[in-house]
Amino acid sequence: MRDTVASGEWRVANSKARSLRTPNSELRTILEEAQRYLVGGVNSPVRAFRQVGGDPLLLVQARGAEVRDPGGRRWLDFIMGWGALLLGHNALPVVRAIQRGMKQGILMGLTHPAEVELARLIVEAVPSVEQVRFMVSGTEACMTAVRLARAQTGRTKIVVFEGCYHGHAASLMAGKTTSVASVSGSEVISVPFNDLGAFEMAIRRHGDDVACVIVESVAANMGVVVPEPGFLQRLRALTSRHGILLIFDEVVTGFRVGFGGAQGYVGVRPDLTTFGKIIGGGLPIGALGGPRQLMQRLAPEGDVFHGGTFAGHPLSMTAGIATLQELKTDPPYERLERLSGRLAEGLLKSASRSDIAIQINRLGSMLSVFFSETPVRDFAQAKASRRDRFAQWAQSLRRHGILIPPSPLEALFLSTAHTEAQVDRMVDASRTAFRSLKKKRFR
Ligand SMILES: *Cc1c(COP(=O)(O)O)cnc(C)c1O
């Protein structure tokens, strides 16, 4: 493991935590009160563990690739802040940057130089981006991108892909339903991911009314689904021909798939790009980027209003700068690709030994396991995978001290803090889980 994690502090925290362990009875009480005071006991639905069963987890500490609950139990973490933590939990450069920032002041209310610095880092890394507007979440970035596209084109319709997630703005939720092409409301046309035939038909029918096509450049919210060769290229060609803006949602993939995001990886230049997650180093962030001529539609230069009390928050900027500088000076992408390859290979071997059919979709440090006999290339196929088996796998891993996202439709994330030994531990624990799945099947 690279020495970027505050492991010294973790050890100190460990010895303190032993004496401060919350007893099980108290943990119960907190979980009960969570149900009373928070909707469903959580602030984001997937945290309720409804899709795999078991109590929601309370976590109070995190270091490197591990998290810990108030009772002192530890898990090897593959949730990693839902993809925000590419450098692992509490990476030292990020912690130091936040500490330095806090000493200067938490919120300025006017522009801080760090906003300029993070924007410059993004512009230099992503060729399609000349200017950036920072905001507080990926949801806000995608919502703003669509509003900008509508203003720019004077059209109202948008095209989304089933299973892609762009935050919870009303119009952008259509892609999370199973509706077939063009039945999900008059303004939103939803087509299957990786289905160029359906896309071409939608454009033939509605092309001149469509403001934008928004797509996850590598889908990560129906599990990982990698775009097939030529898919994004064809979206680019057809949108250009019809005067439609192409928006790449790189909230997950930006600076994870490579330093330039997925667009650098596939060599397609979108009109607008949304970012979030990694660029905030673990603090809340969202960003919209594109060519100057297009970004100038935003206020105060143009007529599309966007603003925010916390937009460009100095601490998020500072954590983001520390993260991107680390990724730039010591690119981890090849090592992460090898690490996830090792994980995938180990899981496939263990599953086949127990005669359990799985499909692994992965790109770089993001990976999904589908309990399915056949490849998964769209939302319908992702949803057709065996959820009961996924739930049993997840529960078994949890008992073995390993935490994965509690949903078959979320990606597992590796970070630079993960080691080969930890990946092997995950494979070993999965082997045990697959073996008991096999027994269940034959009972
Ligand atoms: C997480 C995510 C979002 C929403 O970002 P928030 O910061 O959670 O609002 C949007 N698009 C994609 C692809 C995401 O993964």
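**Close-up views of the predicted model**

**View 1. Two cysteines, no disulfide.** The sulfur of Cys-212 lies 10 Å from the closest cysteine sulfur, that of Cys-142, which is too far for a bond. Cys-164 is also too far for a bond: its sulfur is 10 Å from the closest cysteine sulfur, again in Cys-142. The structure holds zero disulfides (pairs of cysteine sulfur atoms within 2.5 Å). Cys-212 is buried, at 0% relative accessible area. Cys-164 is buried too, with a relative accessible area of 0%. Buried means under 20% relative accessible area, exposed over 50%, and partly exposed in between (1.4 Å probe, protein chains only).

**View 2. Confidence along the predicted chain.** This is a predicted model, in which local features need pLDDT of at least 70 and side-chain atom pairs count only at pLDDT 80 or more, while totals for chains, interfaces and linings use all residues. Residues are numbered from 1 along each chain as its sequence is written, and side-chain values use heavy atoms, leaving out hydrogens and water. The average pLDDT (the predictor's confidence in each residue, from 0 to 100) is 93 for the protein. A score of at least 70 is reached by 92% of the residues. Residues 178-184 are a stretch where pLDDT stays under 50. For this stretch the model has 17 contacts (heavy atoms within 4.5 Å) beyond four places in sequence.

**View 3. Helices α4 and α10 pack together.** Helix α4 covers residues 113-125, and helix α10 covers residues 314-329. Helices (H or I, at least four residues) and strands (E, at least two) are DSSP runs, numbered from the N terminus. The angle between α4 and α10 is about 35°, and their axes are 9 Å apart. Axes are lines fitted to C-alpha atoms, for helices over the stretch in contact; angles run from 0 to 180 degrees between N-to-C directions. From α4, the residues that meet α10 include Leu-118, Leu-121 and Ile-122. Among their counterparts in α10 are Met-317, Ile-321 and Leu-324. By class, this contact has seven nonpolar, three polar and four charged residues. Ala, Val, Leu, Ile, Met, Phe, Trp, Tyr, Cys and Pro count as nonpolar, Asp, Glu, Lys and Arg as charged, and the others, Gly among them, as polar.

**View 4. His-418 sits in a loop.** The loop runs between β14 (412-413) and α14 (420-442). His-418 counts as buried, at 1% relative accessibility. Leaving aside neighbours within four places in sequence, His-418 is in contact with residues including Ala-65, Leu-76, Asp-77, Phe-78 and Arg-335.

View 5. The bond runs from Ala-299 to Pro-300, with omega near 10°. Pro-300 is placed in the loop between α9 (292-295) and α10.

View 6. Trp-82 is not a glycine, yet its phi is about 55°. Its loop lies between β3 (74-77) and α3 (92-104). At 22% relative accessibility, Trp-82 is partly exposed. Asn-194, also a residue other than glycine, has phi near 70°. Its place is in the loop between β6 (188-192) and α6 (196-206). Asn-194 is buried, with 5% relative accessible area.

**View 7. Asp-424 lies in helix α14**. Asp-424 is partly exposed, at 29% relative accessible area. Its C-alpha is separated by 38 Å from that of Leu-288, 136 residues apart along the chain.
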